[in-house]
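Hi,

Here is the structure I said I would pass on.

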Amino acid sequence: MPLRDEVIDLIVTSPPYANAIDYMRAHKFPLVWLGESVVNLTELRARYIGSEKINGAQYVELPDKAESIIRQLEKRDRKKSSILRKYFTEMKAVLAEMYRVLRKDSPAIVVVGPSIMRGIDVQTHHCLAEIAQEAGFSVVGVVQRSLDRNKRMMPARFGKKTDSMIEQRMHEEYVVGLLKPA
């Protein structure tokens, strides 16, 4: 970000959820309304955090929990494990940048949803907490927050069709409390 070091007092963010929502599908019409060219949307999609485009992705070493989950997933689906590795690698860069711009003794709140990939609970909240710790943050806590199915951004289905994947996984989210030490 075009910011000096340690100039932000508080960060509250909800980064993309790993494998939960097709963000470009959700954003494409507003992007076009705001002047983005339809032709550029495919290229823009590839730059979204957690996108399924893995060509040329640079990987870094990740904390034990993330590496363990990626290895489990690799046994079931090599491509999905590469997508997950790319997601955690991108989030490592995001958390490092958050740490850089945040003032000492200031908090950051990260809200993430659960992700299930090929039947494996990715435990995004715990993995991101470990990644944040490696970046220098103190993890104040990780708490589960239940979502009211009628008040979500992605509305619930009504009637009998409640077995869709989105309905199965969007019942809670996790709030990760971080602090940049003084």
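Before the aromatic part, the rule I used: rings of Phe, Tyr and Trp (its six-membered ring) count as a pair if their centres lie within 6.5 Å. Keep in mind that this is a predicted model. By that rule, the structure holds 3 aromatic pairs. Two of them are described here.

In the pair of Phe-29 and Trp-33, the ring centres are 6.4 Å apart and the planes meet at 35 degrees, so this one is tilted. Both residues sit in helix α1 (residues 23–33), 4 residues apart, or about one turn of the helix. Phe-29 is exposed, at 51% relative accessible area, and Trp-33 is exposed too, at 70%.

Then there's Tyr-99 with Phe-137, an edge-to-face pair with 5.1 Å from centre to centre and 85 degrees between the planes. Tyr-99 belongs to helix α4 (residues 78–101) and Phe-137 to the loop between α5 and β5 (138–146), so the pair ties together parts 38 residues apart in sequence. Phe-137 is buried, at 3% relative accessibility, while Tyr-99 is partly exposed at 23%. Tyr-99 also has Lys-180 over its face, 4.5 Å from the ring centre.

Now the helix packing. Helix α3 (residues 64–76) packs with helix α5 (residues 124–135) at an angle of about 140 degrees, with the axes 8 Å apart. That makes α3 oblique to α5. On the α3 side the contact is made by Asp-64, Lys-65, Ala-66 and Ile-69, and on the α5 side by His-126, Cys-127 and Glu-130. By class, that's 3 nonpolar, 1 polar and 3 charged residues.

Cheers

Conventions
Residues numbered from 1 in each chain as written. Predicted model: local features only at pLDDT ≥ 70, side-chain atom pairs only at ≥ 80, totals over all residues. Heavy atoms only, no water. Axes fitted to C-alpha atoms, helices over the stretch in contact; angles between N-to-C directions. Helix = DSSP H or I, 4+ residues; strand = E, 2+ residues; numbered from the N terminus. Parallel < 35°, antiparallel > 145°, perpendicular 65-115°, else oblique. Contact = heavy atoms within 4.5 Å. Nonpolar A, V, L, I, M, F, W, Y, C, P; charged D, E, K, R; others polar. Phe/Tyr/Trp six-rings, centres within 6.5 Å; stacked < 30°, edge-to-face > 60°. Buried < 20%, exposed > 50% of the residue type's maximum accessible area, 1.4 Å probe, protein only. Lys NZ or Arg CZ within 6 Å of the ring centre and 35° of its normal.
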